[in-house]
Amino acid sequence: MKKYRPISFKNIATYPISGRKSKVDIQINAVPYIKESSFKAFIDGLPAVLAASDLKAVAKAIVVARKMNRHVILGMGAHPIKVGLSPIIIDLMKRGIITALASNGACIVHDFELSLIGRTSEDVASEISSGRFGMARETGRELNTAISSGVKKGLGIGKAVGEYIHNSRNSHKNMSIFSEAFSLNIPATVHVAIGTDIIHMHPEADGAMIGEGSLRDFRLLASVVSDLKGGVYINLGSAVILPEVFLKALTVARNLGNKIDEFTTVNMDFIQHYRPRENVLRRPTMIKGRSYALTGHHEIMFPLLAAMVIEKAG
């Protein structure tokens, strides 16, 4: 076997650093925050690199979309509601920044309970063993009543629940995203998988009404998505349902001849999952468009984005 000795570095070729391409420059550096400075100064002081640049780009895309009167659609799971973001979402709707809302079935559960008693999100671990989990009487009865009565009038689930809460005596209905969407005439859709939500366990649940209402909402979302060119779609905390629904709504809209490109998609979550990456970020924007994955906790990242948009919009 050949005998090896440590190699000599004597004849190594080097070159001057001035001739090298570098990916990091002091121009991207952050600016330290000064006490009592403005929020704009904080934004401007963020380092111009990676996620900070992406966050600024998303805020700019939202502002540009609204100045061009294009849609900003928020697709969301229920977690944003449970971490206290309802007032921020409502504020963005009132400002005309969020123009449409799509959600999973759990959203109406937590939204309704907050409007009714100002509290939500039971302790599943402590209730599952006794069979009490999900059995709050008012939640099952009122939401199933809202769905059935609304669908009989020709509504989808989102508008049916929004109208029901809006017309109710619920003490905190001003904190209901769906009630405010109804009041502002903003499309709000609910996309249900039967058996995933606690209200499906109650005797008032009517599969025909739930299915019909959710199908109407899917068709409504497809109509909104058909006008997404130049707009923004944000997926906030939905790992499965909304990414799948959005991809199918986009397919329907394109199949019917709508040219939907040059739009921006955003996935905001504390873990980046397969379906949001593929069905929200990569596949929809393959022709023309931009996509951004913003990783972080909803209760920090979404308020930060909302404040940046408001600041940029003037």
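In the predicted model, the lining of the second largest cavity comprises 5 nonpolar, 2 polar and 1 charged residues. The residues concerned are Gly-105, Ile-108, Ile-147, Ile-157, Val-192, Asp-197, Ile-199 and His-200. The volume of this second largest cavity is about 40 Å³. In total, the structure holds 2 cavities of 30 Å³ or more.

The largest cavity has a volume of about 60 Å³. Its lining consists of 10 nonpolar residues, with no polar and no charged residues. Ile-62, Val-72, Leu-92, Ile-97, Ile-98, Ile-234, Phe-302, Leu-305, Ala-306 and Val-309 form this lining. Helix H13, which spans residues 298–313, gives the most to the lining of the largest cavity, namely 4 residues.

Open pockets were also located. The largest pocket holds about 600 Å³ of space. Its lining is made up of 31 residues, and those nearest the pocket centre are Ala-78, Lys-82, Asn-104, Ala-106 and His-110. By class, 13 of the lining residues of the largest pocket are nonpolar, 13 are polar and 5 are charged. At least two residues of this lining are supplied by each of helix H3 (79–82) and helix H5 (105–117). The largest share, 5 residues, comes from H5.

The second largest pocket contains about 300 Å³ of space. This pocket is lined by 13 residues, with Glu-113, Ile-117, Glu-122, Ala-136 and Thr-139 closest to its centre. H5 contributes here as well: H5 and helix H7 (137–152) each supply at least two residues of the lining of the second largest pocket. The largest share of that lining, 3 residues, is again from H5. By class, the second largest pocket is lined by 4 nonpolar, 3 polar and 6 charged residues.

Charged side chains were examined next. Across the whole structure, 15 salt bridges are found. In one of these salt bridges, the side chains of Arg-216 and Glu-212 meet with an N to O distance of 3.0 Å. Both residues belong to helix H10 (residues 207–225), where a spacing of 4 residues places them about one turn of the helix apart. Arg-216 is partly exposed, with a relative accessible area of 26%, and Glu-212 is likewise partly exposed, at 32%.

A salt bridge is also formed by the side chains of Lys-229 and Asp-261, at 2.6 Å from N to O. This pair links distant parts of the chain, the two residues being 32 residues apart. Lys-229 is placed in the loop between H10 and strand E4 (232–236), whereas Asp-261 is placed in the loop between helix H11 (241–255) and strand E5 (263–269). The two partners fall into separate accessibility classes: Lys-229 is partly exposed, with a relative accessible area of 30%, while Asp-261, at 6% relative accessibility, counts as buried. Lys-229 and Asp-261 also belong to a network of salt bridges that includes Glu-262 and Lys-288.

Within helix H11, Lys-248 and Glu-244 are separated by about one helical turn because they lie 4 residues apart. Their side chains meet in a salt bridge of 2.3 Å, N to O. Lys-248 counts as partly exposed at 40% relative accessibility, and Glu-244 counts as partly exposed at 21%.

Ile-12 is found in the segment before helix H1 (39–44). With exposed residues defined as those over 50% relative accessible area, Ile-12 falls in this class because its relative accessibility is 56%.

As to the overall model, the protein has 13 helices and 6 strands. Its C-alpha atoms fill a box of roughly 85 × 60 × 50 Å along the principal axes. Of the 314 residues of the protein, 43% count as buried.

Definitions and conventions. Residues are numbered from 1 along each chain as its sequence is written. This is a predicted model: local features need pLDDT of at least 70, side-chain atom pairs count only at pLDDT 80 or more; totals for chains, interfaces and linings use all residues. Side-chain values use heavy atoms; hydrogens and water are left out. On a 1 Å grid over the protein atoms alone, a cavity is a set of points where a 1.4 Å probe fits but cannot get out, and a pocket is an open set with protein on both sides within 12 Å along at least five of seven lines; lining residues have an atom within 4 Å of a point. Grid points are joined across faces, edges and corners, and a volume is the space filled by probe spheres set on the points. Ala, Val, Leu, Ile, Met, Phe, Trp, Tyr, Cys and Pro count as nonpolar, Asp, Glu, Lys and Arg as charged, and the others, Gly among them, as polar. Buried means under 20% relative accessible area, exposed over 50%, partly exposed in between (1.4 Å probe, protein chains only). A salt bridge is a side-chain nitrogen of Lys or Arg within 4 Å of a carboxyl oxygen of Asp or Glu.
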